[in-house]
Amino acid sequence: MTKKALLTGVTGQDGAYLAEFLLEKGYQVHGIKRRASQFNTQRIDHIYQDPHEPDQRLVLHYGDLTDSTNLIRVVQEVQPDEIYNLGAQSHVAVSFESPEYTANSDAMGTLRLLEAIRILKMEDRVKFYQASTSEMFGEVQEVPQRESTPFYPRSPYGVAKLYAHWITVNYRESYGLFACSGILFNHESPLRGETFVTRKITRALARIFLGLDDCLYLGNLNALRDWGHARDYVEAQWLMLQQEQPEDFVIATGKQNSVRDFVVAAARRLGMEIEWKGEGADEHGVLAAAPDECKARPGARIVVVDKRYFRPAEVETLLGDASKAKAKLGWEPRISFDELVSEMVEKDLEWARRDALIEKSGYRSYRFRE
Ligand code: NDP
Ligand code: GDR
């Protein structure tokens, strides 16, 4: 019997890699996508199947984590063996702007999906994966962070994800549901959303290298993250659901770099000299932007520190210990930090070359946006 997996967030970075991974494993993959006024399936277009073809391997359903009746109907229709709850308003900075929506989709959305399983009496038949996050550690209480490290979230996103994490544990303990939370540290790829810092850096530097832009505006350069590759991390998500017993796992590389390190590594990959700018310093020693410099010096290659990108509360440092995953899942990251940066830079350079061609032909390419 072909196994069926249902993915929320199939149009996102992890959804795309996981869908590809599961299709290769022989699964029939069902994905929930949101209705949008423009196509939002770019990341999965290469595996998209015409719904009129027989023998559908990838099936897309309209839906939303804020709509419980929709979730119940889709789960009932699909009758999945495994559910991966990857859908979320996943941007930490945006969660300060839209805290209520973030709670609705990320916290309540998880509850709605778990309730759909319970209402349909599928607790004994379905396995559930919850996309938990290192953001739950927030103000870190222990270094490195492991499964037993106390949580202290620092954003509406982190708080919403903490609810989702604990409600998943609760449904496991209350109803015997096979439910696992993967506490994943930052993972990136060429498919990363363009406003997360790694992709913002590789995209902007590639465009600056080709003369399409002059400046890259960033916030806190000192933040430290444990960055891995999404391709490695989706395998861990699947492995968790193949265990005898449901458990939670930290997934991380165990190596740490700062935002500044990431910029330096990406610029080095391009063989590009950059200037660092910012003027004055506030009471926290934080540099403010040098707003006119980019306009005044076209062709300059400047990284500007801009306070606009600082968060009301910051997670300064994250470093994970994935030794439980190594011992029990046999999981280890394969792709190094340098390989990750290289792959992202190369892909963004390819896309920037295409943009350069568009501009040369007299059209305006998709400019840098926040
Ligand atoms: P993305 O932001 O790339 O993708 C998020 C997905 O969720 C998109 O498909 C998006 O749809 C969908 N989505 C957003 N809101 C809703 C909603 N209300 N209803 C249904 N779907 C919705 O995130 P990633 O792929 O990077 O991350 C996957 C999951 O893992 C997220 O839950 C994230 O919070 C979590 N996570 C991510 C980490 C990382 O470093 N990447 C680390 C730890 C956890 P659309 O395409 O229409 O916007
Ligand atoms: P994060 O990722 O908040 O860790 O959440 P992000 O890439 O947004 O930020 C990482 C660090 O970089 C600093 N930073 C900037 N961030 C952004 N986005 N833009 C900037 O210009 C900028 N300048 C500095 C941030 O302050 C932060 O310290 C990601 C998301 O994928 C979550 O969904 C996931 O749960 C966690 O990773 C683990």
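Predicted model: local features only at pLDDT ≥ 70, side-chain atom pairs only at ≥ 80, totals over all residues.
**Entry 1: the whole chain**

I began with burial: 44% of the 370 residues of the chain count as buried.

Next I looked up the secondary structure. I found 11 helices and 16 strands in the chain. Then I checked the radius of gyration, which is 21 Å. The globule rule gives 21 Å for 370 residues, so the chain is as compact as a globular protein of that length.

I also looked up the box that the C-alpha atoms fill. Along the principal axes it is roughly 65 × 50 × 40 Å.

How many of the contacts join residues at least 24 apart? I took the contacts between residues at least 6 apart in sequence, and 77% of them join residues at least 24 apart.

**Entry 2: the domains**

I turned to the domain assignment. Domain 1 covers 4-184. Domain 2 is written in pieces: 197-224 + 258-315 + 337-361. I looked up the distance between their C-alpha centres and noted 31 Å.

Which residues make the contact? I counted by side: domain 1 gives seven residues, and domain 2 gives five. I then sorted the domain 1 side by class. The part that touches domain 2 has three nonpolar, two polar and two charged residues.

**Entry 3: around ligand 1**

I moved to ligand 1. How many residues surround ligand 1? I noted 27. The closest are Gly9, Gly12, Gly87, Ala88 and Ala131.

Helix H1 gives the most, with three residues.

Polar residues number 17. Seven residues are nonpolar, and three are charged.

**Entry 4: valine 264**

I ended with a single residue. Valine 264 sits in helix H8, which runs over residues 259-270.

I then looked up a partner along the chain. Isoleucine 274 is 10 residues from valine 264. Their C-alpha atoms are separated by 8.7 Å.

Terms used
Residues numbered from 1 in each chain as written. Chains lettered and ligands numbered in written order. Near = placed C-beta within 6 Å. Helix = DSSP H or I, 4+ residues; strand = E, 2+ residues; numbered from the N terminus. Nonpolar A, V, L, I, M, F, W, Y, C, P; charged D, E, K, R; others polar. Domains from an automatic or database assignment. Contact = placed C-beta atoms within 7 Å. Rg over C-alpha atoms; globule rule 2.2 N^0.38 Å. Buried ≥ 20, exposed ≤ 12 C-beta atoms within 10 Å, placed from the backbone.
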